[in-house]
Amino acid sequence: MKNDKAHFVAFIGVMFALIFVLFLLEGTLLAGVGMTACILSLPISIALSIYDDWKKSFIGGTLLGVCSCIFCLIFASAFIFYANPLICILPRFFIGITAYWSYRGLSALFKKVKNKYVREMLPAAIAGVAGSLTNTVLYLLAVNIWTGNGAGAFTQILTVAVSIYFPIELVACFILVPIYVSVLRKIIVKKPLLEEKTDI
C-alpha cells in the first residue's frame, strides 16, 4: 500500500514537472501578447484527469492551475494579476471533473459499438473538448469578476481568446487527449474504466 502511494506521488510529481515545462514553453513564446494558449499543457491535464477513476479527476486541472500561478509569478510584470489563485487555480479545479464525467458517460453509451475509434477514442476526444470549454469559460469568468471595473480590458482579452486561442485549444484537446490517455493507460496498467467499480 505504501509503495503504491509513493509511486502515485512520484507519478504526480513527474506530471507536474511535465505540465510546468510545457506551460512555461507556451507562456514564454506568447508572453508578449499578455496571455497564453495551453496547446500542449491543457490536453495533458485533461488526460491525467480522465485516465483513472473519478477520485483523481480534479488532479490534472489543479496541477495546471498551480503551474499557471507559478508562471504568473515568474513573469510578474506581465501576468501578476493572474497569479491570484481564485483566477488561475480555482476555475481549473473543475476542468477534469467535467471532462471525466463526459468521458465516463460517453464510454458507457458507446461501449457496445464495434468501431474501436468510436468506442475508445471519440469519448476521450469529446471529453477533451468539454475540459477545454470548462477551462476557457470559468477562467474568463474569474478574470471578469476580479478585474472589477476593467471591462474594456476584459473585452479585449475575451476577443483575443475566443478568436485565436480558444479554437486552437479545442482542436488540440480533441486530437491530443485520446493519444495522451492511451499513453497513460500503457504506462500505468489499470482495468478498463467501465470494469471498475464506482463507490460513490
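1. Alanine 83 is buried, at 9% relative accessible area (buried: under 20%, 1.4 Å probe, protein chains only). The residue sits in the loop between α4 (76-79) and α5 (85-88); helices are DSSP runs of H or I, at least four residues, numbered from the N terminus. Beyond neighbours within four places in sequence, alanine 83 contacts Cys69, Cys72, Leu73 and Cys88 (contact: heavy atoms within 4.5 Å). Cysteine 69 is 14 residues away in sequence, yet the C-alpha atoms lie 4.7 Å apart.

2. This is a predicted model: local features need pLDDT of at least 70, side-chain atom pairs pLDDT 80 or more, while totals for chains, interfaces and linings use all residues. Numbering runs from 1 along each chain as its sequence is written, and side-chain values use heavy atoms, without hydrogens and water.

3. Helices α2 (residues 41-50) and α7 (residues 95-109) pack at about 60°, axes 8 Å apart. Axes are lines fitted to C-alpha atoms over the stretch in contact, with angles from 0 to 180 degrees between N-to-C directions. On the α2 side are Leu42, Ile46, Ser49 and Ile50; on the α7 side, Ile95, Gly96, Ala99, Tyr100 and Tyr103.

4. The largest nonpolar core has 31 residues; Phe11, Leu48 and Ile50 touch the most other members. Such a core joins buried Ala, Val, Leu, Ile, Met, Phe, Trp, Tyr and Cys residues through side-chain atoms within 4.5 Å. α1 gives the largest share, seven residues. Apart from this core lies another of eight residues, including Tyr82, Ala83, Leu140 and Val143.

Technical notes. Helices (H or I, at least four residues) and strands (E, at least two) are DSSP runs, numbered from the N terminus. Buried means under 20% relative accessible area, exposed over 50%, partly exposed in between (1.4 Å probe, protein chains only).
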